[in-house]
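Subject: Structure for your files

Hello,

The structure we spoke about is pasted below, and my notes on it follow.

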Amino acid sequence: MIPTPDFEFRTSSTCTYENNNPRCVAVATNVPGRVAIRNTGTGRTVEFTAVEWTEFLRGAKLGEFDLPA
């Protein structure tokens, strides 16, 4: 069995804490070919391939996920 590498999460410097309740996400990109996103409040984590993450970021930069005004 191949050991699972440990993700090293980073939290945005713009993360805000309200009453010690973090409302942030953290991202880990230290494992080649994989990206993990963690909800800092719940600790839940989801993983993406590097290609999926790159495509998500591309779409976000193009406004594909913007909410209607």
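I start with the helix. Helix α1 covers residues 50-61, and its twelve residues at 1.5 Å each should span 16 Å; the end C-alpha atoms are 17 Å apart, so the two values agree. The expected span here is 1.5 Å times one less than the number of residues in the helix. Just after α1, G63 has a positive phi of about 85°.

Please keep in mind that this is a predicted model: local features need pLDDT of at least 70, side-chain atom pairs count only at pLDDT 80 or more, and totals for chains, interfaces and linings use all residues. Residues are numbered from 1 along each chain as its sequence is written, and side-chain values use heavy atoms, with hydrogens and water left out.

Overall layout

Helices (H or I, at least four residues) and strands (E, at least two) are DSSP runs, numbered from the N terminus. Of the 69 residues in the chain, 19% are buried. Buried means under 20% relative accessible area, exposed means over 50%, and partly exposed lies in between (1.4 Å probe, protein chains only). The accessible surface of the chain is about 5,700 Å², and carbon and sulfur atoms account for 55% of that surface. These areas come from the Shrake-Rupley method with a 1.4 Å probe; for residues, only the protein chains shown count as cover. Among contacts in the chain with a separation of 6 or more, 19% are between residues 24 or more positions apart; contact means heavy atoms within 4.5 Å.

The sheet

Four strands make an open sheet in the order β1-β4-β5-β6, with antiparallel pairing. Its edge strands are β1 (10-11) and β6, each of which pairs on one side only. Two strands count as paired if DSSP finds at least two bridges between them. As background, strands of a sheet pair through backbone hydrogen bonds, either parallel or antiparallel.

Strand β4 (residues 25-28) and strand β5 (residues 34-39) run antiparallel and are joined by four bridges. V25 has N39 of β5 as its bridge partner, and A26 has R38 of β5. The hairpin of β4 and β5 has five residues between the strands, and G33 in this hairpin takes a positive phi near 80°.

On to the next pair: β5 and strand β6 (residues 45-49) are antiparallel too, joined by five bridges. I37 has V46 of β6 as its bridge partner. The hairpin of β5 and β6 also has five residues between the strands, and here G43 takes a positive phi near 85°.

Aromatic residues

How many aromatic pairs does a search of the whole structure find? It finds four. One of them is F7 with F9: the ring centres are 6.1 Å apart and the planes are at 50°, so the pair is tilted. Rings of Phe, Tyr and Trp (its six-membered ring) pair if their centres lie within 6.5 Å; planes under 30 degrees apart count as stacked, over 60 as edge-to-face and the rest as tilted. F7 is buried at 18% relative accessible area, whereas F9 is partly exposed at 24%.

F48 and W53 have ring centres 6.1 Å apart and planes at 35°, so this pair is tilted. F48 is partly exposed, with 31% relative accessibility, and W53 is buried, with 19%. F48, W53, F56 and F65 together form one aromatic cluster.

F9 sits in the segment before β1. R38 lies over the face of the F9 ring, 4.1 Å from its centre; a charge sits over a ring if NZ of Lys or CZ of Arg is within 6 Å of the ring centre and within 35 degrees of the ring normal. Leaving aside residues up to four places away in sequence, F9 touches A26, V27, A28, A36, I37, R38 and T45. F9 and V27 are 18 residues apart along the chain, with their C-alpha atoms separated by 5.2 Å.

T45 lies in strand β6 and is partly exposed, with a relative accessible area of 40%. Under the rule of leaving out residues up to four places away, T45 touches F9, A36, I37 and R38. The C-alpha atoms of T45 and V27, 18 residues apart along the chain, are 9.5 Å from each other.

Regards
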